Amino acid sequence: MNRKIDVDLFDFPTREEMLPLLKESPLYSYNLKKEIFERGKLSSLHQAFNYPITVSDLTVSLNNRIFQANLSYAYVSFYFRRGIPDELDSLMNLTNKQFTNRMHFQHHTDALFQRIFTALDLLGQIVFHYYDLEQPHKNKISPTFKKVVKILDKKDKELSKKLSEIKDCDEFMEASRVRNDIVHNNPPYNAHFAQEKHPSGITASGTHYYSSQKLMGIMDNLLKVVRRIFEVVATHIQNKKELAEKK
């Protein structure tokens with residue numbers, strides 16, 4: 001039976017409600033320091049002028065994205081905790097208030113994935129410039145984080161290996177699939193028919209759907225993994241600088 005659903009588009013949390021949730025983000029208060037990427041030897045006058053400006057701009061953009069992602073996290077936490085009983089068999093029985101919570105939750109979920117993966121790509125660009133990496137085939141498009149991790153192997157195998165291990169962990173892989181579906185396919189919070197090919201070669205068909213509780217867990221894990229990525233890069237580069245100074 002069809003019924004009219006009234007969604008409150010302007011039902012927002014107060015400042016007092018948001019601040020505690022903001023502080024719960026795994027990335028809360030984190031800032032990547034541009035000083036980490038300072039270089040003592042620059043190959044040319046052109047690079048000496050452009051490199052500091054480029055890294056400074058990229059670092060500012062990255063930290064802005066981190067702040068925005070933390071804000072999105074606070075919003076998804078707020079609407080999630082207000083109640084979204086959205087397991088697949090309950091979607092037809094949501095109240096107007098629950099539909100409102102679910103709609104806002106989905107909106108800020110999209111924003112969080114977009115912002116956090118953009119921050120990762122910005123980190124990739126900083127690393128790209130720091131190591132003087134070159135893209136294959138003279139690609140003029142800014143390299144993604146995943147691309148940088150791959151080509152970094154030529155300049156720093158140890159860091160490339162560390163980042164590859166994190167990038168290939170289950171939590172990051174699952175978050176990457178969600179992000180890809182949000183951007184390119186059918187978001188997993190919309191129930192839809194899908195086919196999935198398993199490593200065994202068997203293709204399974206069925207309804208693909210993630211509840212808000214499942215997505216909340218994926219987002220929590222994603223922010224923890226991303227913080228780890230930032231810290232691994234910063235610590236690795238700082239340690240290499242300290243070792244070089246001792247020689």
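So, helices and strands: this protein has 7 helices and 2 strands, taking helices as DSSP runs of H or I with at least four residues and strands as E runs of at least two, numbered from the N terminus. Reading from the N terminus, the order is α-α-α-α-α-α-β-β-α. Before I go on, this is a predicted model, where local features need pLDDT of at least 70, side-chain atom pairs count only at pLDDT 80 or more, and totals for chains, interfaces and linings use all residues. Residues are numbered from 1 along each chain as its sequence is written, and side-chain values use heavy atoms, with hydrogens and water left out.

Okay, the overall picture. There are 247 residues, and 43% of them count as buried. Buried here means under 20% relative accessible area, exposed means over 50%, and partly exposed is in between, with a 1.4 Å probe and protein chains only. The accessible surface is about 14600 Å², with 52% belonging to carbon and sulfur atoms; that's Shrake-Rupley with a 1.4 Å probe, and for residues only the protein chains shown count as cover. Now contacts, meaning heavy atoms within 4.5 Å. Taking those between residues at least 6 apart in sequence, 71% join residues at least 24 apart.

As a reminder, an α-helix has 3.6 residues a turn, so residues three or four places apart point the same way.

Next, D156. You'll find D156 in the loop between α4 (145-151) and α5 (157-167). Is D156 buried or exposed? Buried, because its relative accessible area is 3%. Its side chain reaches the backbone nitrogen of L159 at 3.0 Å. Setting aside neighbours within four places in sequence, D156 touches Y131, H236 and K240.

On to salt bridges: a side-chain nitrogen of Lys or Arg within 4 Å of a carboxyl oxygen of Asp or Glu. The whole structure has 11 of them. Take D11 and K97, whose side chains meet at 2.9 Å, N to O. This pair links distant parts of the chain, with D11 in the segment before α1 and K97 in helix α3 (residues 96-130), 86 residues apart. D11 counts as buried because its relative accessibility is 12%, whereas K97 is partly exposed at 45%.

Then there's R102 with D86, where the closest N and O atoms are 3.7 Å apart. R102 is in helix α3 and D86 is in the loop between α2 (45-82) and α3, 16 residues apart. Both of those residues are buried.

One more pair: D168 and K167 form a salt bridge, closest N and O atoms 3.4 Å apart. D168 is partly exposed at 46% relative accessibility, while K167 counts as buried at 16%. And shared partners join D11, R82 and K97 into one salt-bridge network.

Last stop, the surface. Which residues make the nonpolar surface patch of about 490 Å²? I5, V7, L9, F10 and F12. Patches take residues with over 30% relative accessible area and no salt bridge, joining nonpolar side chains (Val, Leu, Ile, Met, Phe, Trp, Tyr) within 5 Å and like charges within 9 Å. F12 sits in the segment before α1 (15-22) and counts as partly exposed, at 46% relative accessibility.

Definitions and conventions
Polar contact = N/O pair within 3.5 Å; in protein donor to acceptor, adjacent residues only side chain to side chain.
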